[in-house]
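Please keep the sequence and the three-dimensional view at hand while reading.

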Amino acid sequence: MPMDKPEDMDNEEKVEEGSDVLQPIDPALEQRITRKFDTHIIPWLFAVWLLAFIDRSNIGNARIDGLADDLKLDGNKFNIALTVFYIPYVLVDVPSNWLVKYFGANYYLPGLLIAWGIAGMCTGFVKDYNGLLACRFFLGLCEGGLLGGMILYLSMFYRRHELLFRIGMFYCAAPLSGAFGGLLATGLARIDHAGYNRWPWIFIVEGAVTVAYGLVVIFFLPPTPSRARFLSESDREAAVDRMRLDSHGASQASKVESERFSWHWVRKWVLVRNFR
């Protein structure tokens, strides 16, 4: 008995949704779209990650310039202040990703930036140990959703095999923060003004820079591929189609902004993980 001829649907670059069959995208067009995303998204995220590491690690520079002496951080108090940062940082990560989808990453990520910039500025005005703990707690609360939110945001624009390189690009800002943060703190610690001497200005100025950058970046991050103003109409359609191709039918939504959270995938992940 002759075997049935297999349908020509083995090409994983074809995805059927309803009556529509998506065809492979021209490689030159896809490369042009990817290059535009690299130009209009990655530099902004690079600076966001750079500021995040500067603002979380500047307490070490401030300690050298008199923070521990002025706030009487004897014993393990300084180490506790460092640890307090990571408690909300860890707890808020997953819930924060839900908020990214709800509010839109183009608003939510700059909002986090502004919020932790304000928390950083407030650190420069603290007068005691309890105030330092409060500022470190809120700094961790605001920064906790950043990394997961940035990766989720990038996954709206890049295909899975493209993500690793882009994440590595903005993650290069982490080691650079040590160099920039140290040099900046050295200059800021020389300021003596209005009763705030040396270390407070590290937090005040660096926090103000973060807030200012957050107010700027909110106008430049595109919400989704279909609403990217730097793409032409045909490029937007191709950018949406390439993400639908990448999902291989896992999502029924035609656009990123139409996707909705479902506990089905959470349960599936838990079951697969436990019974593998």
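In this predicted model, helix H1 (residues 27-40) and helix H12 (residues 233-247) have axes that come within 10 Å and cross at roughly 95°. An angle from 65 to 115 degrees counts as roughly perpendicular, so H1 is roughly perpendicular to H12. On the side of H1, the residues that meet H12 are Leu29, Glu30, Arg32, Ile33, Thr34, Lys36 and Phe37. Their partners in H12 are Asp235, Ala238, Ala239 and Arg242. Sorted by class, this contact holds 5 nonpolar, 1 polar and 5 charged residues.

In the whole structure, a search finds 11 salt bridges.

Two further pairings involve helix H6 (residues 105-123).

| Helix pair | Axis distance | Angle |
|---|---|---|
| H1 and H12 | within 10 Å | roughly 95° |
| H6 and H11 | within 7 Å | roughly 165° |
| H5 and H6 | 7 Å | about 130° |

The partner H11 spans residues 199-217. Because angles over 145 degrees count as roughly antiparallel, H6 is roughly antiparallel to H11. H6 passes H11 in a left-handed crossing. The contact includes Pro110, Leu113, Ile114 and Trp116 of H6, and Trp199, Phe203, Ile204 and Gly207 are among the residues of H11 that take part. The residues of this contact divide into 14 nonpolar, 6 polar and no charged.

Helix H5 (residues 93-103) packs against H6 at an angle of about 130°, and the two helices are therefore oblique to each other. H5 contributes Ser96, Leu99, Val100 and Phe103, while H6 contributes Ala105, Tyr107, Tyr108 and Leu112. Here the division is 7 nonpolar, 1 polar and no charged residues.

Finally, the confidence of the prediction should be considered. The protein averages a pLDDT of 84, and 82% of the residues score at least 70. Over residues 1-19, however, pLDDT stays under 50, and the model has 28 contacts beyond four places in sequence for this stretch. Where pLDDT is low, the predicted coordinates should not be read in detail.

Notes. Residues numbered from 1 in each chain as written. Predicted model: local features only at pLDDT ≥ 70, side-chain atom pairs only at ≥ 80, totals over all residues. Heavy atoms only, no water. Axes fitted to C-alpha atoms, helices over the stretch in contact; angles between N-to-C directions. Helix = DSSP H or I, 4+ residues; strand = E, 2+ residues; numbered from the N terminus. Parallel < 35°, antiparallel > 145°, perpendicular 65-115°, else oblique. Left-handed = near helix turned anticlockwise from the far one by under 90°. Contact = heavy atoms within 4.5 Å. Nonpolar A, V, L, I, M, F, W, Y, C, P; charged D, E, K, R; others polar. pLDDT = per-residue confidence, 0-100. Salt bridge = Lys/Arg side-chain N within 4 Å of Asp/Glu carboxyl O.
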